[in-house]
Amino acid sequence: MTEPTPLATPAHAHARTAPKAIRTEQDGPVLHVGLNPWGQDDTLGTAVLDDLIALLDDLHERPDVRILTLSSLGTDFCLGADRDEYREALAADPSGVVLRRIADKAHRLCQALENTHAVTIARLHGRVIGAGLALASFCDLRAGADTSRFRMPEVGIGLPPAWGGAMGRLVSEAGASRIRELMLTCDVFDAGTAQRIGLLHRTAPLDQLDQVIDSWTRPLVRRAPEALVLTKRMLAGYARADRTADVSLLDSHLLSAALHQHARS
């Protein structure tokens, strides 16, 4: 594989500032996106959401980007949403409007990830918790290190599993029965379990994980772009048909109400 080069800024995106909470490198038609480039905080704060949304918005004008890989440069893929940021937002604005705006950004990000023309691949390692698992679930393909550990902790900390409107996506990917058990028990589960229930497509030792990603990207870049985009959108359409009662637009209100209750207790 050729040496990745930094993502060029297209002329139409002159108003965008360079991303600071993520790192992007482009290798031909493959765009590599890394969370936590400074190795500091493996949570999904507002800065990360803003950078990812801006990146995905810009991809509408970048048909040359056909595949997007999402990974983390930190110790873990993601430890979940930034709950300190939630508490600070609620303290600054007790009405909850600021908090709902943050939660709405998570929903916008997940919808943008699902709707982008690029085939999206999640490369997971370490701990993949809460919002991190929700984010990964919106990727088309998911590979994880065999040492990865997963958890949906929201119910255990008194919150609804509402980040990004991901419940419907998780149910459609892995099935209602298994997601119900894992959400209600908040149990930690391993990569083998994640693969068996459909949250991972492939597992591998960490030092071989990039080979798994390459085994997907190499044939994908040879596919006809029109056929690839159409197939992805057909698959997304059928997946959404399973979510005809999707109420994910209410998730930011559910999360805000739950955090209000926490603050009062």
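Predicted model: local features only at pLDDT ≥ 70, side-chain atom pairs only at ≥ 80, totals over all residues.
## Ground rules

Local features here need pLDDT of at least 70 and side-chain atom pairs count only at pLDDT 80 or more, while totals for chains, interfaces and linings use all residues. Residues are numbered from 1 along each chain as its sequence is written, and side-chain values use heavy atoms, with hydrogens and water left out.

## A three-stranded sheet

Let's start with the open sheet of 3 strands, ordered β6-β8-β9 with mixed pairing. β6 (127-129) and β9 (189-190) are the edge strands, each with a single partner, so one side of each has no neighbour in the sheet. (Strands are DSSP runs of E, at least two residues, and helices are runs of H or I, at least four, numbered from the N terminus; two strands pair if DSSP finds at least two bridges between them.)

β8 (residues 149-151) runs antiparallel to β9, with 2 bridges. Arg149 has Asp190 in β9 as its bridge partner.

## Inside: two cores

A nonpolar core is a set of buried (under 20% relative accessible area, 1.4 Å probe, protein chains only) Ala, Val, Leu, Ile, Met, Phe, Trp, Tyr and Cys residues joined through side-chain atoms within 4.5 Å. The largest has 55 residues, and Trp163 and Leu199 have the most contacts inside it. Leaving out residues up to four places away in sequence, Trp163 touches (heavy atoms within 4.5 Å) residues including Leu44, Tyr86, Cys110 and Leu135.

A second, separate core has 14 residues, among them Val119 and Leu220.

## Outside: Leu230

Leu230 sits in helix α9 (residues 225-241). Leu230 counts as exposed because its relative accessibility is 52%, and exposed means over 50%.
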